[in-house]
Amino acid sequence: MNRTIAIVTLLAASAMASDLTGKWSGTFKVDGGDHTVPQLFILKQQGKTLSGSGGPNAGEQYPIENGRIDGDEARFELTAGEWKFAYDLKQTAPGALNGRLKLQSVNDSRTAKVSLASSKGD
Amino acid sequence: MIAGAFLVVLGITGGILAFEPELDRLLHPHLSRLKPGGRTLSLVDIGEAASKKYSGEPVVAYLPSSSPDVPTAVILSSGVVSVNQYTGEVLGLRTRGQTVLGFMRALHVRLATGDIGRNILHWSTILMLISLTSGLYLWWPRKRIQIRGPWWSRLFWSDQHNSFGIFSLVPWLLLTATGIVIGFEDEVSSLLDKMYDTKPVHSNQTLARSEPSQASTELTPDQAIAIASAQLPGALPYRLQMPRYGGLYVVSLTYSDNRIGAERNSISLDPRNGRIVAVNQSASLTPRERFMATNEAIHTGNILGMPTRIMAALASILLPLQVVSGLLIWVRRTNILRHG
């Protein structure tokens with residue numbers, strides 16, 4: 001019985017932590033901000049390393065820096081001019097990445113809620 | 001009374017933020033000023049000096065010098081580097097993160113908290129508008145414009161409240177009304193879009209861009225700025241985004257004599273051949289964008305330059321005094337009623 005539970009748990013965990021390679025789209029909303037901001041990521045996972053690009057749309061993409069995967073968690077950064085975006089996401093379901101974002105400029109620091117969905121069919 | 005506390009926060013922080021750029025330079029003098037002299041280096045040389053100093057990080061963007069005694073800024077992943085454009089000397093790095101001024105802004109916009117703080121401030125501005133209207137109603141019968149009595153007397157504070165209130169009424173009304181518009185931006189934008197039958201997204205912002213490419217960069221940053229500047233004579237380039245960060249060179253330009261959305265000019269260039277891919281001009285803002293830019297210029301005091309910035313700062317700083325005198329009048333009146 002215990003062995004079955006262990007196998008099922010292992011399978012569920014591996015399904016959750018699936019390869020993040022592909023297109024991910026969604027939004028972020030800054031805490032205390034008015035708008036949701038569109039997001040589009042083109043991710044490439046190689047083992048525990050995450051690379052690719054991200055930005056508000058397909059035409060405006062910034063290279064991913066310091067991307068790494070740890071189980072079902074993904075962390076990476078983007079520098080879009082004066083602002084640096086540090087993402088801390090978790091794969092909450094197959095094809096769904098949710099988590100927090102820290103935005104920092106030379107004077108300001110803000111946090112935001114991020115929600116992304118895989119759009120592999122695109 | 002509670003709203004008064006929030007208005008004190010808005011007033012103090014607003015007064016400080018009216019001079020945010022100047023205060024920021026004052027807090028970082030070694031990164032903000034230099035002694036001009038000699039030939040100006042190319043942006044490539046300036047970028048290389050900054051990059052070399054910080055582990056070879058690629059340049060994200062340049063902020064060209066706006067005046068001979070202001071250094072050129074180079075944006076890297078680790079922060080913003082100030083470089084002497086005449087010697088190539090790296091003056092220092094400003095890392096990202098909240099500063100005192102950033103905290104003031106956070107307090108002013110959202111009480112340094114999230115959605116709750118933002119909503120409290122939004123409704124405080126509505127209460128401010130009601131207070132200003134009721135204040136005018138109460139002032140009107142007596143029309144007091146002078147201060148009498150010693151400073152500790154009720155008469156002094158009553159006269160101060162009346163006279164400061166009437167002289168500051170117009171700036172306060174402007175700051176409050178524009179603050180309400182900023183606070184309810186989504187609702188106002190939606191209303192304006194319906195009124196003018198415009199699409200919520202500016203059509204020029206969605207033009208096609210080149211694929212990001214590092215290897216094919218042939219145009220130099222200086223050439224990109226020269227091409228963009230030729231397109232908008234009289235405009236000053238204040239920012240250049242490198243193609244690795246977005247696929248294109250994006251040159252942002254501003255007109256020093258126009259204070260309404262003047263910084264919203266940008267020209268996107270193909271880094272391989274210098275072809276202009278997209279042009280956004282402040283002259284072609286939609287009615288909603290123009291309204292919002294004008295509203296912001298009034299709120300910040302930028303609308304007519306330094307005189308209106310000083311006026312906005314003074315009006316903001318006087319607001320806490322008005323709240324305190326209003327409170328003193330209320331407390332004394334309550335005591336008189338209670339004790340006969």
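Residues count from 1 along each chain as its sequence is written, while chains are lettered from A and ligands numbered from 1 in the order in which they are written. As this is a predicted model, local features need pLDDT of at least 70 and side-chain atom pairs count only at pLDDT 80 or more, whereas totals for chains, interfaces and linings use all residues.

Let's start with chain A. It has 1 helix and 8 strands (helices are DSSP runs of H or I with at least four residues, strands are runs of E with at least two, and both are numbered from the N terminus). Along the sequence, the order is α-β-β-β-β-β-β-β-β. Of the 122 residues in chain A, 33% are buried; a residue counts as buried if 20 or more other C-beta atoms lie within 10 Å of its own, as exposed if 12 or fewer do, and as partly exposed in between, with C-beta atoms placed from the backbone. Take the contacts in chain A between residues at least 6 apart in sequence: 31% of them join residues at least 24 apart. Two residues are in contact here if their C-beta atoms, placed from the backbone, lie within 7 Å.

Strand 1 runs antiparallel to strand 2 (residues 36-46) of chain A, and 8 bridges join them. One pair to find on screen is A:Phe28 with its bridge partner A:Val37 in strand 2. These two strands form a hairpin with 5 residues between them, and A:Gly32 in the turn has a positive phi of about 85 degrees. Strand 1 of chain A also pairs with strand 8 (residues 109-118) of chain A, in the antiparallel sense and over 7 bridges. There, A:Ser25 stands opposite A:Ala117 in strand 8.

Now for the place where the chains meet. Chain B contributes 31 residues to the contact and chain A contributes 22 residues. On the chain B side, strand 3 (79-83), helix 5 (100-110), helix 6 (115-139) and helix 9 (185-196) each supply at least two residues. Helix 5 of chain B gives the most, with 5 residues. By type, the chain B side divides into 9 nonpolar, 12 polar and 10 charged residues; Ala, Val, Leu, Ile, Met, Phe, Trp, Tyr, Cys and Pro count as nonpolar, Asp, Glu, Lys and Arg as charged, and the others, Gly among them, as polar.

Chain B itself is divided into domain 1 (2-19 + 100-198 + 319-339), domain 2 (37-85) and domain 3 (211-284), with bounds from an automatic or database domain assignment. The centres of domains 2 and 3, taken over C-alpha atoms, are separated by 17 Å. Their contact takes 11 residues from domain 2 and 12 residues from domain 3. On the domain 2 side, helix 4 (43-53) and strand 1 (61-63) of chain B are the elements that give two or more residues. That side divides into 9 nonpolar, 2 polar and no charged residues.

Leaving aside neighbours within four places in sequence, B:Val74 is in contact with residues including B:Ile46, B:Ala50 and B:Val81.

Finally, strand 7 (residues 265-269) and strand 8 of chain B pair in the antiparallel sense over 4 bridges, with B:Leu269 opposite B:Ile276.

Key:
Pairing = 2+ DSSP bridges.
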